[in-house]
Amino acid sequence: MHAVVADIDRPACELKGSRGIIISGGPASVIEPTSPAVDPEIYTLNIPVLGICYGHQLMAKDLGGITSVSRGTVKEYGQSSLTCEKTVIFRDVPDRPITVWMSHGDTVTAPPKGFTTIGATDDCKVAAMQDLDRRLFGLQFHPEVVHTEFGTEIYRNFVFDVCGCTADWDPRARVEQVMADVRRQAGDRKVFFLISGGVDSTVAFYCCYRALGPGRVLGLYVDTGFMREGDGEAIEHLVHEAGREAIHVADRSADFFGRLAGVTNPERKRAVIGDTFLTVQEEEFARLGLRDDEWMLGQGTIYPDTIESGGARHAAKIKTHHNRVERIQALIEQGKVIEPLVELYKDEVRVLGEQLGLPHEVVWRHPFPGPGLAVRCLCAESPAPVEPARMPLPAGVSGWIVPVRTVGVQGDERSYSQLLALDGIAEAEAAGALARRITNEHRTLNRVAVVAFRRAGRGVEGLAIHAAALTRERVALLREADDLVTRIVRKHGLYDAIWQFPVALVPLGAAPGRETIVLRPVNSRDGMTADFARLAPAVLDELAASLGGLDRVDVVLYDVTNKPPATIELE
Ligand code: XMP
């Protein structure tokens with residue numbers, strides 16, 4: 001049994017012989033006449049079809065007409081509670097409402113002829129539907145995300161019970177298969193790797209090293225100036241395992257800071273960093289006297305990186321990954337890039353790393369974006385004041401809109417909105433519930449953070465965003481804050497329990513040069529969706545006090561938004 005990802009408009013005749021078809025979600029609206037469509041013949045092939053989110057709405061439109069779908073007045077992003085019926089697709093789902101993850105604007109209002117409704121939430125009356133005779137199913141929510149309870153069971157029911165597939169693959173065989181693929185792709189060429197000290201590039205490098213052996217893999221650790229304190233540890237381990245001649249270290253921070261001077265836009269930052277990486281790689285490649293026809297470029301790209309860069313034709317571009325900038329794309333097309341982890345999710349990469357014998361601290365180090373602290377150090381071109389929020393808030397809570405553009409993902413599409421900071425509510429659960437309500441109701445806000453620390457005497461009205469660039473001084477402050485957070489979180493035994501804990505620097509303060517630290521702890525399995533990690537009051541207080549003690553820090557914020565609607569990184 002194997003699965004293929006096909007373009008949505010693949011003709012039905014080419015899908016004959018499949019055991020089942022899943023129509024995925026997507027950012028478009030089925031109401032628009034030009035939105036992606038399936039060949040309607042797929043519903044008549046006598047093959048089970050499962051529509052997810054956009055796929056669910058498309059199925060309703062294709063089989064029930066345009067009137068069965070409407071633009072929802074209430075949009076649902078994030079967690080909802082689903083009541084479902086006992087039916088094959090919900091086998092092994094308990095008799096109580098279950099938590100499901102939603103991300104949609106349009107809504108199915110009436111099931112098509114032949115279908116019955118088998119699940120509903122408060123805001124979505126047809127959240128699940130089926131036509132058992134034709135084996136057609138539609139789900140408005142996303143069973144594939146870790147936050148949907150029993151999502152795996154729902155897929156298992158579809159794949160095994162409805163489609164009649166049998167399991168014939170063993171994840172333990174993965175390591176052998178990945179290494180065999182590396183040997184096949186490399187042929188007799190050698191692999192030149194940029195390694196960052198992060199999980200993906202470390203595992204990818206080590207995988208190639210184990211597959212190809214000494215002398216055929218060369219790692220280059222480029223100090224960009226944007227690394228975390230302690231990122232060198234993974235490199236030391238690799239040097240220990242593979243030998244000093246397998247790893248070169250180059251301090252190129254002056255190049256990176258130089259090329260990023262005056263760059264404030266996050267997408268530009270990513271593009272410049274990706275490009276600088278390539279230039280540095282080419283220069284070091286030449287400096288080391290390596291011959292072009294003998295070597296390939298190795299990268300630790302994982303599957304979500306390719307999806308979020310718009311890898312599939314209709315997948316929306318959420319943010320350009322630095323491993324997918326134009327010059328890399330050209331090399332990929334020439335067959336000069338090897339990416340052993342490109343089909344894996346983060347959790348699978350870690351299993352692979354453990355199977356390869358890499359140490360726990362290396363394999364379980366929190367994921368860290370390739371562009372490093374550069375994308376966690378927010379910049380601004382011009383000053384802008386904070387504005388008081390006008391929406392109704394609970395008694396004792398005040399809110400203000402921070403004029404930074406932060407990234408969100410709403411209906412699978414990248415969107416920029418503003419940050420709402422709330423004062424007077426520190427309890428995580430209550431703050432999270434309020435954040436959910438506000439981001440559902442206000443499309444101009446995708447991120448909500450609560451004030452964990454504010455320097456005495458600095459009133460909210462006096463705070464503003466100030467013009468700020470990417471400087472060594474600001475990145476050093478951020479690195480210090482990040483290291484403080486890591487130490488405190490480790491001390492409380494929370495490091496392994498939290499999936500990722502970005503710490504960001506925002507030029508929000510009482511005067512130019514003053515800063516705000518944003519804490520963004522999240523739980524996730526694959527980075528595609530996440531919920532904010534609940535910090536106990538004692539831990540939050542300790543973090544706030546330590547960070548508030550840093551020079552130039554006026555405010556500490558704790559981000560209490562899930563993904564969706566907010567991405568994990570702020571920009
Ligand atoms: P977002 O912010 O999109 O992040 O929710 C999802 C995961 O991807 C990481 N991330 C990046 N990784 N280059 C990377 O290598 C990037 O430009 C980049 N941006 C985000 C992020 O840290 C999270 O784990």
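This briefing describes salt bridges in a predicted model. The model is a prediction in which local features need pLDDT of at least 70 and side-chain atom pairs count only at pLDDT 80 or more, while totals for chains, interfaces and linings use all residues. Residues are numbered from 1 along each chain as its sequence is written, and side-chain values use heavy atoms, with hydrogens and water left out. The structure holds 32 salt bridges, a salt bridge being a side-chain nitrogen of Lys or Arg within 4 Å of a carboxyl oxygen of Asp or Glu.

- Lys269 and Glu571 meet through their side chains in a salt bridge of 2.8 Å, N to O. This pair joins helix H7, which holds Lys269, to the segment after strand E24 (553–559), which holds Glu571, across 302 residues (helices are DSSP runs of H or I with at least four residues, strands runs of E with at least two, numbered from the N terminus).
- Lys269 is buried at 0% relative accessibility, and Glu571 is also buried, at 3% (buried means under 20% relative accessible area, exposed over 50%, partly exposed in between, with a 1.4 Å probe and protein chains only).
- Glu294 forms a salt bridge with Lys190, with 3.9 Å between the closest N and O atoms. Glu294 lies in the loop between helix H7 (266–287) and strand E11 (295–298), whereas Lys190 belongs to strand E8 (residues 190–195), 104 residues apart.
- Glu294 is partly exposed at 31% relative accessibility, as is Lys190 at 26%.

**Other salt bridges**

- Arg91 pairs with Asp92 in a salt bridge whose closest N and O atoms are 3.7 Å apart, and Arg91 is partly exposed, with a relative accessible area of 43%.
- A network of salt bridges links Arg252, Asp255, Glu283, Glu284 and Arg287.
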